[in-house]
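Subject: Structure handover

Hello,

Please find the structure below. My notes on it follow.

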Amino acid sequence: MPVRDATPDDVEDICLLIEEHARYEGKDDLALDRGDMTKHLFGPEPKAWVVIAEVDGEAGERVTAGMALCAWTFPSWDAKPGVFLDDLFVKPEFRRYGLGRELMAELGRRTSGRVEWDMQMGNAKAEAFYASLGGKPVEGWVKYRWLPDQE
């Protein structure tokens with residue numbers, strides 16, 4: 001199976017994928033701190049976790065092709081742990097191989113609750129992909145964001 005849990009050795013690839021995703025979405029100046037990412041993903045109190053999708057490279061080596069960065073949720077009305085998918089990205093050259101579908105299936109296997117995510121409006125390709133998995137917009141809910149350090 002081409003999907004596995006990330007390790008601290010994957011931090012550089014994880015950051016590169018997130019930065020590439022940001023450029024793909026039009027944010028060209030994102031530069032992540034590798035030390036912070038290591039601490040937050042693999043430190044004594046991890047805040048998130050990553051699943052890596054790999055493929056065989058031309059020389060037979062494993063190549064990181066994509067990833068899903070997630071955090072656990074606990075929706076009180078479900079009383080079951082869920083997964084919040086913060087970032088799903090597969091490099092363009094590795095799309096159409098089923099890696100995004102495999103990453104999402106792995107997230108589904110990790111919870112008896114729900115998997116939720118946000119998607120930019122107007123991203124027709126992502127919308128079609130998520131719809132093909134059975135994903136649906138959440139009717140009647142509005143997303144809010146509060147940045148207490150920036151008041």
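**Glu25 and its surroundings**

Leaving aside residues up to four places away in sequence, Glu25 touches Gln120 and Asn123; contact means heavy atoms within 4.5 Å. Glu25 sits in the loop between α1 and α2. Its relative accessibility is 31%, so Glu25 counts as partly exposed; buried means under 20% relative accessible area, exposed over 50%, and partly exposed in between, with a 1.4 Å probe and protein chains only. Arg145 lies 120 residues from Glu25 along the chain, and their C-alpha atoms are separated by 19 Å.

**Basis of the values**

This is a predicted model, in which local features need pLDDT of at least 70 and side-chain atom pairs count only at pLDDT 80 or more, while totals for chains, interfaces and linings use all residues. Residues are numbered from 1 along each chain as its sequence is written, and side-chain values use heavy atoms, with hydrogens and water left out.

**Helix α1**

Helix α1 covers residues 11-24, 14 residues in total, and spans 20 Å from its first C-alpha to its last, close to the 20 Å expected at 1.5 Å a residue. That expected span is 1.5 Å times one less than the number of residues in the helix. The buried residues of α1 are Val11, Ile14, Cys15, Leu17, Ile18, Glu19, His21 and Ala22. They pack against α2 (34-42), β2 (49-56), β3 (62-73) and β4 (82-90). Just after α1, Gly26 takes a positive phi of about 95 degrees.

**The chain as a whole**

The protein chain has four helices and five strands, in the order β-α-α-β-β-β-α-β-α from the N terminus. Helices (H or I, at least four residues) and strands (E, at least two) are DSSP runs, numbered from the N terminus.

Along the principal axes, the C-alpha atoms fill a box of roughly 50 × 35 × 30 Å.

Of the 151 residues in the protein chain, 32% are buried. Among contacts between residues at least 6 apart in sequence, 54% join residues at least 24 apart.

Regards
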